[in-house]
Amino acid sequence: MDDLALLLETIREAGALALRIRKQGFKAWRKPDGTLVTEADIAVDALLKEKICAARPGDGWLSEESPDTAERLGKPRLWITDPIDGTRAFADGTRFWGIGVALTEGGAPLMSAIFCPDDDVLYHAVKGGGAGTDSR
């Protein structure tokens, strides 16, 4: 599977997980810096990391919800994610949140995507390949 297919498939799966968690109910709390985090943030982060790192074990990982490690510093390719961008909106039940993931190489962006599960719209861009949307 190429990188874009991996990204789009994984981000859609993460969006479905977030919607299920919101429907079932979830706990929310404040991080040490005072920002809001929910069980969905943590679960989506875990799913993204598991799927992407299993498929690309040589790549690095950086996420708003995962502890950062020095291990990523020596990796030429780095996946960067915000598992729930707009956690407050997610927690409030509004539709203004999404899941964002990007892939960089040598510090330069290669591709990125943001999925808005409530609207079922996925925006993506690939270096040299343009941008697009995908809705089902």
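**Entry 1: a helix pair**

I started with two helices and noted that α1 passes α2 in a right-handed crossing. The model I am reading is a predicted one. I looked up where the two helices lie: α1 covers residues 3-24 and α2 covers residues 39-55. Two packed helices are described by the angle between their axes and the distance between the axes. Here I wrote down an angle of about 155° and axes 9 Å apart. Angles over 145 degrees count as roughly antiparallel, so α1 is roughly antiparallel to α2.

Which residues of α1 meet α2? On the α1 side I listed L6, T10, I11, E13, A14, L17, A18 and I21. On the α2 side I listed A40, A43, V44, L47, L48, K51, I52 and A55. Sorted by class, this contact has 13 nonpolar residues, one polar residue and two charged residues.

**Entry 2: L19**

I stayed in helix α1 and picked L19. L19 is partly exposed, and I noted a relative accessible area of 29%. What does L19 touch, its neighbours within four places in sequence left aside? The contacts are W97, P117 and D118. I also checked L19 against L48: the two are 29 residues apart in sequence, and their C-alpha atoms are 15 Å apart in space.

**Entry 3: the whole chain**

I then stepped back to the protein chain, which has three helices and eight strands. Along the sequence I read the pattern α-β-β-α-β-β-α-β-β-β-β. The radius of gyration is 15 Å, close to the 14 Å from the globule rule for 136 residues, so the protein chain is as compact as a globular protein of that length. The C-alpha trace spans about 40 × 35 × 20 Å along its principal axes.

How many of the 136 residues, in percent, count as buried? I noted 41%. For contacts between residues at least 6 apart in sequence, I noted that 44% join residues at least 24 apart.

T104 lies in strand β5, residues 98-105. Is T104 buried or exposed? T104 is buried, with a relative accessible area of 12%. Not counting residues up to four places away in sequence, T104 touches P76, R77, L78, I80, P109 and L110.

H124 lies in strand β7. H124 is also buried, and I recorded 17% for its relative accessible area. With residues up to four places away in sequence not counted, H124 touches L4, L8, S112, A113, G130, A131, G132 and T133.

**Entry 4: two loops**

I found D120 in the loop between β6 (108-116) and β7 (121-126). Most residues other than glycine have a negative phi. For D120 I noted a phi near 55°, a positive value in a residue other than glycine. D120 counts as partly exposed, at 23% relative accessibility.

The loop between β7 and β8 (130-135) holds G128. Is G128 buried or exposed? I wrote down exposed, at 89% relative accessibility.

Definitions and conventions:
Residues numbered from 1 in each chain as written. Predicted model: local features only at pLDDT ≥ 70, side-chain atom pairs only at ≥ 80, totals over all residues. Heavy atoms only, no water. Axes fitted to C-alpha atoms, helices over the stretch in contact; angles between N-to-C directions. Helix = DSSP H or I, 4+ residues; strand = E, 2+ residues; numbered from the N terminus. Parallel < 35°, antiparallel > 145°, perpendicular 65-115°, else oblique. Left-handed = near helix turned anticlockwise from the far one by under 90°. Contact = heavy atoms within 4.5 Å. Nonpolar A, V, L, I, M, F, W, Y, C, P; charged D, E, K, R; others polar. Rg over C-alpha atoms; globule rule 2.2 N^0.38 Å. Buried < 20%, exposed > 50% of the residue type's maximum accessible area, 1.4 Å probe, protein only.
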